[in-house]
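Dear colleague,

I am passing on to you the structure shown below, together with an account of what was found in it. Please read the notes with the structure open beside them.

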Amino acid sequence: MTTIHLTKTIQSVQPRYVGRFSCTGAACEDSCCSGWTVQIDKKTFTAYRQAKQPLLMERMASQVKRIRSLASDAKYARIEMQPETQDCPFLEEKLCSVQRELGEDKLSDTCATYPRKSRVLGGQHQQALTLSCPEAARLALLAPDAMDFVEVSGKVRVESVIQIRNKQGLSPEMMESVSLFCLKLMKVSSLSLWQKLAALGVFIELLTASLKRGGHAGVPALLNDFDTMVSTGGIADALSAMMPDYAVQATAFSGLWQIKKGRKNSAVQRSVQAMVAKGLGADPITNLVTQQQLIDNYRSGVQRLPEALKPAPYLLENFLLNEMFSEGFPFAEASPYDHFLKLVTQFGLLRFMLAAQCNDAAQLPDVDQMARTVQVFSRKYQHDADFAKRVNGALKNSGWDALEKVYRFLRT
């Protein structure tokens, strides 16, 4: 069979940890082939139908189904998972039989590129990894230099590179400038992490308002003025009077966590979710917890979280930086402010899951467990686009999308 998916060598900007990544294969503790819908592009589907290997022919005929409701070459078909285990039917001893029998170029775009994300923005190739992969999460979260940005040469599949076009009336070059400014803001050493997010919210609110007025030409001046405000300490002074609101945080993020805590969980996912429930004080039989227990246990856990994070104090910051870079923040949603809301709710929900596991002062989670929690969080919550839209919609409908209320989700 001929090569159906071409690759090319490019120079790309990426966090340092990306170059250290290689798939752990059969040793992976939470396989990317389990529990997800794996979409197949049209070229791959056609190649599968032409395959002559006896091992694959029957499974390809029965387990690869056309998606008739979509007229898309990228989402032309899907692999039906094993109903009992939710595993991919092409796994043999945790290794891909398609890659072994047909070669890497016969993998679908989804299978070949995961966990990589590649795009071109303002003429610059950029690549990051999604942290729903256990090895990617460990590399991104547990090394102090993981989020240093470097330029390297490497191969990418041509179809997988996303070309970013004009958005919000801004050119790709100006979008790149805004994205870099936001990353720079998240690395300001004089601000704590919640203050960085709060400052980011102020900037994004100003940016969104300016773009709605058609003030695209004023964006460079906005970047400069806000940079001055941060460097002179004006932002930190304005945020100093804010107080923690543990009741709001515990209630809001517990509700979000409950939505998907029990759906199609692998063994690793079940383990993390069970530890969260235990830390919240949930009854082992009924899985229920009173409102006051929830608030008290979250408060004690979130106050112990810095102690647990001492071996890797950059873990949460690295998580945020990776998500912002990999998604081209703040331009992946309907508006920059919508993207900010999504980032805040993801941060708050992840912090909630980590804090719950810190409720027992005698047995704080180690950094490997916290990296595992980030991976499960990403797997369960971040990869569900509808979940993020529902959350943002609920915030808007309830009036909790106003920046002064969003602040209540941040400080601990």
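**Helix α1 and its surroundings**

In this predicted model, helix α1 covers residues 42–50, and Thr44, Phe45, Ala47 and Tyr48 are buried within it. When one looks down the axis of α1, the buried residues lie within an arc of 165°, so they line one face of the helix. Several elements pack against these buried residues of α1: the strands β2 (38–40), β3 (64–66) and β4 (77–79), and the helices α2 (54–63) and α3 (97–102).

**The sheet of three strands**

The strands β2, β4 and β3 form, in that order, an open sheet of 3 strands with antiparallel pairing. Because β2 and β3 stand at the edges and each has a single partner strand, one side of each is left without a neighbour in the sheet. From one strand to the next, the twist averages 30°.

The antiparallel strands β2 and β4 are joined by 3 bridges. Glutamine 39 is found opposite arginine 78 in β4. Helix α2 lies across β3 and β4, and its direction makes an angle of about 35° with β3.

**The hairpin of β7 and β8**

Strand β7 (residues 116–121) runs antiparallel to β8, and 6 bridges join the two. Arginine 116 has leucine 129 in β8 opposite it. Together β7 and β8 form a hairpin, with 2 residues between the strands. In the turn, glycine 122 has a positive phi of about 60°.

Is β8 largely enclosed or left open by the rest of the structure? Of the 6 residues of strand β8 (residues 124–129), 5 are buried, so the strand is largely enclosed by the rest of the structure.

**The second largest pocket**

Finally, I turn to a pocket. The second largest pocket has a volume of about 350 Å³. It is lined by 16 residues, of which Leu193, Pro306, Leu309, Leu316 and Thr412 are the closest to its centre. Which element provides the largest share of the lining? That share comes from α12, with 4 residues.

With kind regards

Conventions. Residues numbered from 1 in each chain as written. Predicted model: local features only at pLDDT ≥ 70, side-chain atom pairs only at ≥ 80, totals over all residues. Heavy atoms only, no water. Buried < 20%, exposed > 50% of the residue type's maximum accessible area, 1.4 Å probe, protein only. Arc of directions from axis to C-beta. Contact = heavy atoms within 4.5 Å. Pairing = 2+ DSSP bridges. Axes fitted to C-alpha atoms, helices over the stretch in contact; angles between N-to-C directions. 1 Å grid on protein atoms, 1.4 Å probe; cavity = no way out; pocket = protein on both sides within 12 Å on 5 of 7 lines; lining within 4 Å. Points joined across faces, edges and corners; volume = space filled by probe spheres on them.
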